[in-house]
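Biologist: Could you take a close look at a single part of this model and describe it together with its surroundings?

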Amino acid sequence: MTTYRPEKADELIQTARAMVAPGKGILAIDESNGTCNKRFEAVGIDPSEEKRRQYRELLLTIPDLETYVSGAILYDETIRQSTADGKSFIDVMRERGQVVGIKVDTGAKPLAGSDGEKVTEGLDGLRERIAEYYGMGARFAKWRAVITIGRDGRPTRGCIEANAHALARYAALCQEGGLVPIIEPEVLIDGDHDIDTCERVTEEELNEVFRQLYHQNVMLEGVILKTSMVISGKDAASRAGVEEVAERTVETLLRTVPAALGGVVFLSGGQGVEESTAHLNAMHQRHGDRLPWPLTFSYARAIQGPALGYWKGESANAEEAQKRAFKRAKFNGLASEGKYSADMESA
């Protein structure tokens, strides 16, 4: 059988390469309005549309951000917004040479017939939404699946298969419409499981994801995997150190991820800002010569966190907030080439 190539295959491959260019990663600012509002309320910011717009403008206009950030994942509200002086966020990114991304799933919902597990929805009408976003200037998309580890046997095989199939259907539709799909099967850090359990679940999930991608004729060169690291649960009695997380994560990826894939990016997934940088850096310092694909970051809170906590919705704090986010982007960009050192944090 001839390998399937979507109509925009060459464009998809070029976009994927730009997204994971050396020394760069992807900024995730695609939180839903509800999630963004909760984070605002936690630091005393008015949870309004205007404050969300101001915050996204603050992040997208950080001076020289394009040095370390190749593009950003936006939310539907955000991709339609503009700066205070009327320039669309899409144009802001394009003028900096950044790639515009868009979250297209509609959230993780209860999986029928299961006890507490979830499946991500949003396939209905997706072809039409992809066409609209492509016309607006988006060139990649994101879909997040949620996998929970529990002592009650979670994740079940049914949950893994349902989410992997949805990811593959989404990816095929994206490539048909000209968007590079970021596939994000997140194994949550919540729980007291050990790193062995996380490794087993991550391997099973990734194997199923790539099996489903194959069945849906998805071109791997035009796909980016956004994955969680192989890491101990945050409530584990004894948590694995940086070197073990780096080694276990790389080994798991090498066993499961085809070399043809366009690239791999990590979510920070509840890690501390310095912790997520150290893990990425260790993977490159210890195992960089073994990686068949670009390996970098697609962080949200691990870049945004220091900025949001300082900004607090006050324009007088914007410049310093931008500097704090830029610092995290820079350090993660350096970590994506194994050039970060913890000493930089106090310099």
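Modeller: Helices (H or I, at least four residues) and strands (E, at least two) are DSSP runs, numbered from the N terminus. The model is predicted, with local features needing pLDDT of at least 70 and side-chain atom pairs pLDDT 80 or more, while totals for chains, interfaces and linings use all residues. Residues are numbered from 1 along each chain as its sequence is written, and side-chain values use heavy atoms, without hydrogens and water.

Arg 151 counts as exposed because its relative accessibility is 74% (exposed is over 50%, buried under 20%, partly exposed in between; 1.4 Å probe, protein chains only). Its side chain makes a polar contact of 2.8 Å with the side chain of Asp 192 (a pair of N or O atoms within 3.5 Å, one able to donate a hydrogen and the other to accept it; residues adjacent in sequence count only if both atoms are side-chain atoms). Although 41 residues separate Arg 151 and Asp 192 in sequence, their C-alpha atoms are 9.0 Å apart.

Helix H8 comprises residues 195–215. Its buried residues include Ile 195, Val 201, Leu 206, Phe 210 and Leu 213, as well as Glu 199, Glu 205 and Glu 208. After H8 comes Asn 217, which has a positive phi, near 60°.

Note on methods. The expected span of a helix is 1.5 Å times one less than its number of residues.
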